[in-house]
Structure formats: C-alpha cells, structure tokens
Amino acid sequence: VPELAARGVIQQLFPLHEQRILKRLMKSWVQAVCEAQPLGEIWGFGICDYFGVKIAMYFAWLGFYTSAMVYPAVFGSILYTFTDSDQTSQDISCVVFALFNVVWATLFLEEWKRRGAEFAYKWGTLDTPAESIEEPRPQFRGMKRISPVTSAEEFYYPPWKRLLFQSLVSLPICLACLCLVFLLMLACFQLQEFVLSVPELPRILRFLPKIILAVIVTACDELYKKVALWLNDMGAW
C-alpha cells in the first residue's frame, strides 16, 4: 500500500465501519460504568478485534495508568488532610510524598512491563520486531538479496556506504548548519547591543533585532527540514 500510494496508484484509503460492532462496543465500552474495558475477545467484539493491537495496547495502558493514579491520589489526599499549616509540616509532607511517588513510579513501570507483555503474548505480538511486520519505505533503494533471517527477498544497503555518507556528507552539513545558526544568533545579539547603546533611536526599533531573530529561526527551521529529508533519503539510496 505505501509503495502504490507513492507511485500515485492509490489516492485515498480508508476502512469502512461495521455499525453492528460499533453499537456493541458503545454499550460495553463507552456507555459502561465501572466495568473493565473490552480489550480482548468479548464474543469477537473487543477493541483488539476491531481496531487492532496498537489501539488496544494504547487503551490498555491508558486504563492501567488511570487505575494506578488512584494510589497517589488517595495517599496525597490523606497526607494533605493530616498536614498542619506550619512550614515545617508542609516541608515534611512534600518529602514524604516525593518518596512515595518515586516508589510508586518504579512499581508502576515494572507492573506495566509485565501487563504489556501479557497482552502482547495474548494478541500474538510478543517479541515481534517492527521491521518484520512493516513494509519497507518506498523511497528505500538497494541491492536485492535473500534475507539470512527470514529467507525472504529484501533490499540491502551496505552499512559501509551509509557510514561513508554520514562521515563525508551528513556530518559536515550538520556542523555547517550549527555554525551558521550560531553566527546568525551572535550577529543578532550584537545588533541588539548596538540598538540599545543608541538612545536616539525610536522605541520601536529596539525590537528590530528580536524580530529579525524570530524570522531567522523560522526560515532556518524550514531549511533544516528540507536538508534533513534530503540527508535521510540519500543516506539509504
């Protein structure tokens, strides 16, 4: 699909919704109160079955995060209730709450790793490299070969060519861009000092160096985007 879109064969692509399934999801997910999200297979109408693994994993994380936020909320409310109004008590409460958040954040991350691995195993995406399920970039070029990992035909670009391009082209261009923006910024600062040192100038001219700097930053941003895209395409040609 990405290659056909790049060639102009496909102009637009969008999936059609199943209203019957959407109504079931509306009742079991959107309109449900204090019920678990239908992440997996609920008579074949779960979030994962309809929207895919990525969407289901996002809402699984969102639900887990929302539930985990109950603990610092309850602990913080209790701590706030029993904290006196003097500065010493408030400082102690802040330290205690900060320590609690450190422990909570650590446990939250470790628990989500286990929960995420459980969902990934259930949905058949555990330890699946992204490059094995994604189509190659249409702009990618290289020599065709048989992959030693998947035994499938693929485009191969020698690493030494990419390293040579990065060393002789990408790195000098990036350094030149950094030097250019540094010199332009330094020139704007010098202009600002000169403007401030002349009291006879109108007040509106005192903002001229800042306006010039803003215009330079905007122009450089657009220029750097084009340079970055060109370097990215040429680095794997």
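Into which domains is the protein chain divided?

A: In this predicted model, the protein chain is divided into domain 1, residues 1–123, and domain 2, residues 144–235. The C-alpha centres of domain 1 and domain 2 are 37 Å apart.

We may now turn to the cysteines. A disulfide is a covalent bond between the sulfur atoms of two cysteines. A search of the whole structure finds zero disulfides. Cys220, for example, takes part in no disulfide: the nearest cysteine sulfur belongs to Cys177 and is 8.3 Å away, whereas a disulfide requires two cysteine sulfur atoms within 2.5 Å. Cys220 counts as buried because its relative accessibility is 10%, and buried means under 20%. Cys94, by contrast, counts as exposed, because its relative accessibility is 54% and the cut-off for exposed is over 50%.

Cys34 lies in the loop between helix H2 (19–30) and helix H3 (47–51), and it is exposed, with a relative accessible area of 85%. Most residues other than glycine have a negative phi. Cys34 is not a glycine, yet it has a positive phi of about 55°.

A patch of about 830 Å² is made by nonpolar residues, among them Leu171, Leu175, Phe182 and Phe189. Phe182 is placed in helix H8, residues 159–196. With a relative accessible area of 48%, Phe182 is partly exposed.

Key
Residues numbered from 1 in each chain as written. Predicted model: local features only at pLDDT ≥ 70, side-chain atom pairs only at ≥ 80, totals over all residues. Heavy atoms only, no water. Buried < 20%, exposed > 50% of the residue type's maximum accessible area, 1.4 Å probe, protein only. Domains from an automatic or database assignment. Helix = DSSP H or I, 4+ residues; strand = E, 2+ residues; numbered from the N terminus. Patch = residues over 30% accessible without salt bridge, like charges linked within 9 Å, V, L, I, M, F, W, Y side chains within 5 Å. Areas by Shrake-Rupley, 256 points an atom, 1.4 Å probe, with all protein chains shown as cover. Salt bridge = Lys/Arg side-chain N within 4 Å of Asp/Glu carboxyl O.
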